[in-house]
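Here are my notes for someone opening this structure for the first time. Have it on screen while you read, and take the points in order.

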Amino acid sequence: LKKEIVDVHQIIQDAIRNTSHALTEKQGMVSTSFSAPDPTIEADRLHLTNVFHNLFDNAIKYCNGAPQILVSTRKSNGSIHIDVKDNGIGISGENQKRVFQKFFRVPTGNLHDVKGFGLGLSYVKTIMEAHRGNIRVASTLGEGSVFTLILPVIK
């Protein structure tokens with residue numbers, strides 16, 4: 001990692017701009033609710049931007065209607081918590097346990113309309129751990145998912 005002092009809110013905004021074309025095509029939108037008072041962390045700008053881009057891309061790809069994504073931040077226990085909430089198709093409890101495994105893709109029966117290799121969320125988890133952070137998912141089938149990223153703040 002090539003770490004530097006960065007504003008995580010700015011990185012999120014950059015990733016939103018990079019995703020705007022795909023969102024426009026599906027008539028979707030990203031909203032933000034930044035509550036973390038000091039969003040400064042030490043991170044690799046490129047990899048962290050890719051983390052958000054991957055989460056936004058999945059929220060767009062795995063949504064049957066117009067994607068609605070909410071990104072919120074807060075501080076807790078010396079960490080910044082970032083929630084990426086979507087209105088997608090959701091992930092079953094069984095598949096939530098495996099979604100961060102390399103090459104795992106949620107089975108969609110005989111449908112092959114979403115392209116991918118099952119590497120995106122594995123990459124996201126690897127990058128979060130390389131930053132001494134963590135990621136978790138909470139999801140309900142048919143209602144969407146919330147990916148929570150936890151990153152240490154500068155002390």
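1. A word on terms before we start: "contact", or touching, means heavy atoms within 4.5 Å. This is a predicted model, where local features need pLDDT of at least 70 and side-chain atom pairs count only at pLDDT 80 or more, while totals for chains, interfaces and linings use all residues. Residues are numbered from 1 along each chain as its sequence is written, and side-chain values use heavy atoms, with hydrogens and water left out. Helices (H or I, at least four residues) and strands (E, at least two) are DSSP runs, numbered from the N terminus.

2. Start with the sheet. It is open, has five strands in the order β2-β4-β5-β7-β6, and its pairing is mixed; two strands pair if DSSP finds at least two bridges between them. β2 (29–34) and β6 are the edge strands, each with a single partner, so one side of each has no neighbour in the sheet. From one strand to the next, the twist averages 15°. Axes here are lines fitted to C-alpha atoms, for helices over the stretch in contact, and angles run from 0 to 180 degrees between N-to-C directions.

3. Inside the sheet, look at β5 and β7: they run antiparallel and are joined by seven bridges. H81 sits opposite I150 of β7. Helix α2 packs on this sheet and touches β4, β5 and β7, with its direction at about 170° to that of β7.

4. Beyond its neighbours within four places in sequence, F52 is in contact with V8, I11, I12, A15, I82, V84 and L149.

5. Setting aside residues up to four places away in sequence, T49 touches I11, A15 and N18. Q10 of helix α1 (residues 8–25) is partly exposed, because its relative accessibility is 38%.

6. Now see how α2 (residues 45–61) meets α4 (residues 120–130): their axes come within 10 Å and cross at roughly 145°. On the α2 side the contact is made by H47, N50, V51, N54, L55 and N58, and on the α4 side by G120, L121, Y123, V124, I127 and M128.

7. Which residues of α4 are buried? They are L121, S122, V124, I127 and M128, and they pack against α2, β6 (134–140) and β7 (144–152). S122 is buried because its relative accessible area is 10%. Not counting residues up to four places away in sequence, S122 touches F100, Q101 and K102. Just after α4, R132 takes a positive phi of about 60°.

Methods
Buried means under 20% relative accessible area, exposed over 50%, partly exposed in between (1.4 Å probe, protein chains only).
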